Amino acid sequence: MKKAICPGSFDPVTLGHVDIIERAADIFDEVTVLVMSNKSKKQSLFTVAERMELIRRSVSKPNVKIDTYDGLLVDYAKQNGAVAIVKGLRAMSDFEYEFQQALTNKSLYPNAETMFLCARGENMFLSSSMVKEVCSLGGDIRPFVPQSIAEDIYNRCKGDKSND
């Protein structure tokens, strides 16, 4: 069984994320969406548990599972027998950073390959940060996020911390 990992902070998950996850699920037998906390990013809009639930409600492929991990990505890959790390690329600037990470991961865990999937044209500009900014300024985020979670994001941007 070929297992892959799609790591990220997913705060919140966007249509671009869902596209990459579901395309990876068409390639691999099992895909784990690994929700990680990014200590270099500002305070998160959603908790890790909330992000995991939002992904659960957004991804329809049966061979996708969701997990979280607080250590090195390659350690998780080793522990779970993953053969690939799948990353989405939007622009050349993404590639430079992701390429550096891929080389580091390969040196730490040679048994896993990094696979880059290019974003679809309609998602080239899309990021969680952009969604949060548009939402916080009262803009329409529905073209950028799964409809099943849009209301959760609107409520959180308005300051509702309960995220029913």
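Which side-chain oxygen reaches to within 3.2 Å of the backbone nitrogen of Gly-16 at the start of α1? In this predicted model, the oxygen belongs to the side chain of Thr-14.

Helix α1 itself comprises residues 15-27, a run of 13 residues. From its first C-alpha to its last, α1 reaches 19 Å, close to the 18 Å expected at 1.5 Å a residue. Gly-16, whose backbone nitrogen takes part in the approach by Thr-14, is also one of the buried residues of α1.

A pair of aromatic rings is described by the distance of the centres and the angle of the planes. With ring centres required to lie within 6.5 Å, the count comes to 4 aromatic pairs. In one of them, the ring centres of Phe-95 and Phe-99 are 5.2 Å apart and the planes meet at 25 degrees, so this pair is stacked, the limit for stacking being under 30 degrees. Both residues belong to helix α4 (residues 92-108), where a spacing of 4 residues separates Phe-95 and Phe-99 by about one helical turn. An α-helix has 3.6 residues a turn, so residues three or four places apart point the same way. Phe-95 is partly exposed, at a relative accessible area of 30%, and Phe-99 is likewise partly exposed, at 40%. Ring pairs also bring in Phe-116, which forms a cluster with Phe-95 and Phe-99.

Methods
Residues numbered from 1 in each chain as written. Predicted model: local features only at pLDDT ≥ 70, side-chain atom pairs only at ≥ 80, totals over all residues. Heavy atoms only, no water. Phe/Tyr/Trp six-rings, centres within 6.5 Å; stacked < 30°, edge-to-face > 60°. Helix = DSSP H or I, 4+ residues; strand = E, 2+ residues; numbered from the N terminus. Buried < 20%, exposed > 50% of the residue type's maximum accessible area, 1.4 Å probe, protein only. Expected span 1.5 Å × (residues − 1). Polar contact = N/O pair within 3.5 Å; in protein donor to acceptor, adjacent residues only side chain to side chain.
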